[in-house]
Amino acid sequence: MEEKRVYYPPKRIGTIVHLLLILLFSSGGAWGIWGTSNVQVALQLLPYLALILLFLITVPFLIYRLYALHRSKYVLERGGIQLQWGWRSENIPMDQVKWVHKATDLEIPPQPPLIRWPGSVIGFRRFIRGPSVEFMASRERGLVILAVGEGYFAISPLHVENFINSYHSLMELGSLSLLTTESSRPALFLTELSGRKPILWIFLAGAVLSITLLIWTLLVIPSRDRVSLGFTPGGTPHESLESIRLILFPIINTTAYLGNLVLGLFLFRNEENRVLAYILWGGSLLIAIIFHIGMLFILQ
């Protein structure tokens, strides 16, 4: 038998669910942006702004969860077990694995995380009596529990029986060289990133510019009834519009800032793509500065 076997969780249903949720919240965000460009009274902005805020919070999160699902795998080899789920990875030497069983074989199976959906059963829960269990699974049924040291992992390989049989076969063969214990978490990556001062200053500068643009816009809207957004080819101002349309400036700027921020984080993890990450983050600053300059011209 092969000394290394790779297993994957079921991904089809989870992919469909994630894509539908991304489409749903993106449609809500697009409707919110359309609504803000058509309202006549400032109070009417609130529901549309809520939709835009919901879009900005949920869609990057769902995109990462979809990415994590497609980067997930469970690797069995004589030296140990490797678990991979997005930016989360765990290398477990074989001598640290106490046992591997189906969740249904346990007297009291662990309860899944409170917040979950198909393709994203991730998080921590505790046994009714005992330590915590970390879930790295795409479904609630067909779980396999790994007892490792003082903790547990819950995973969902597509072929459960095959996975367990392969584990026992590798245990019988023995380990020629054990895996090195290694644990990687998204929080550790973000902590490492925040320790790089140039990157931290770029993030802070982008956030400050986004906030100042929003505050400036909210101060201008009540003080002006109408504004002109640009000039005709002949050099005369366009027909003036309600000043409430200016709210699109901070909305578009914030969307660009968060989009570049998230995409840059993905690129930064690979050494060869870090220049592209810096370009994206620098582009966010440039966009914010352009919007500030645009406000100056509009208010003249």
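How do the residues of the lining of the largest cavity divide into nonpolar, polar and charged? In this predicted model, the lining comprises five nonpolar residues, one polar residue and no charged residue. The residues concerned are I202, F203, Y257, L261, W281 and S284. Three helices, namely helix 5 (197-223), helix 6 (248-268) and helix 7 (274-299), each supply at least two residues of this lining. The volume of the largest cavity is about 30 Å³, and a search of the whole structure finds one cavity of 30 Å³ or more.

Helix 6 also packs against helix 2. Two packed helices are described by the angle between their axes and the distance between the axes. For helix 2 (residues 45-70) and helix 6, the angle is about 10° and the axes are 11 Å apart. Angles under 35 degrees count as roughly parallel, and helix 2 and helix 6 are therefore roughly parallel to each other. On the helix 2 side the contact is made by L49, I52, F55, L56, P60, Y64 and Y67, and on the helix 6 side by I251, T254, T255, L258, V262 and F266. These residues divide into 11 nonpolar and two polar, with no charged residue.

The strands come next. Strands of a sheet pair through backbone hydrogen bonds, either parallel or antiparallel. Strand 1 pairs with strand 2 (residues 73-77) in the antiparallel sense over four bridges, and Y7 stands opposite Y74 in strand 2.

Another open sheet of five strands has the order 5-8-9-7-6, and its pairing is mixed. Here the edge strands are strand 5 (97-102) and strand 6 (121-126), each pairing on one side only. Neighbouring strands of this sheet are turned by 20° against each other on average, direction ignored. Strand 6 and strand 7 (residues 132-137) run antiparallel and are joined by six bridges; within strand 7, E134 is the bridge partner of F124. Helix 3 lies across strand 5, strand 8 (144-148) and strand 9 (151-155), and runs at about 155° to strand 5.

Note on methods: Residues are numbered from 1 along each chain as its sequence is written. This is a predicted model: local features need pLDDT of at least 70, side-chain atom pairs count only at pLDDT 80 or more; totals for chains, interfaces and linings use all residues. Side-chain values use heavy atoms; hydrogens and water are left out. On a 1 Å grid over the protein atoms alone, a cavity is a set of points where a 1.4 Å probe fits but cannot get out, and a pocket is an open set with protein on both sides within 12 Å along at least five of seven lines; lining residues have an atom within 4 Å of a point. Grid points are joined across faces, edges and corners, and a volume is the space filled by probe spheres set on the points. Ala, Val, Leu, Ile, Met, Phe, Trp, Tyr, Cys and Pro count as nonpolar, Asp, Glu, Lys and Arg as charged, and the others, Gly among them, as polar. Axes are lines fitted to C-alpha atoms, for helices over the stretch in contact, and angles run from 0 to 180 degrees between N-to-C directions. Angles under 35 degrees count as roughly parallel, over 145 as roughly antiparallel, 65 to 115 as roughly perpendicular and the rest as oblique. Contact means heavy atoms within 4.5 Å. Two strands pair if DSSP finds at least two bridges between them.
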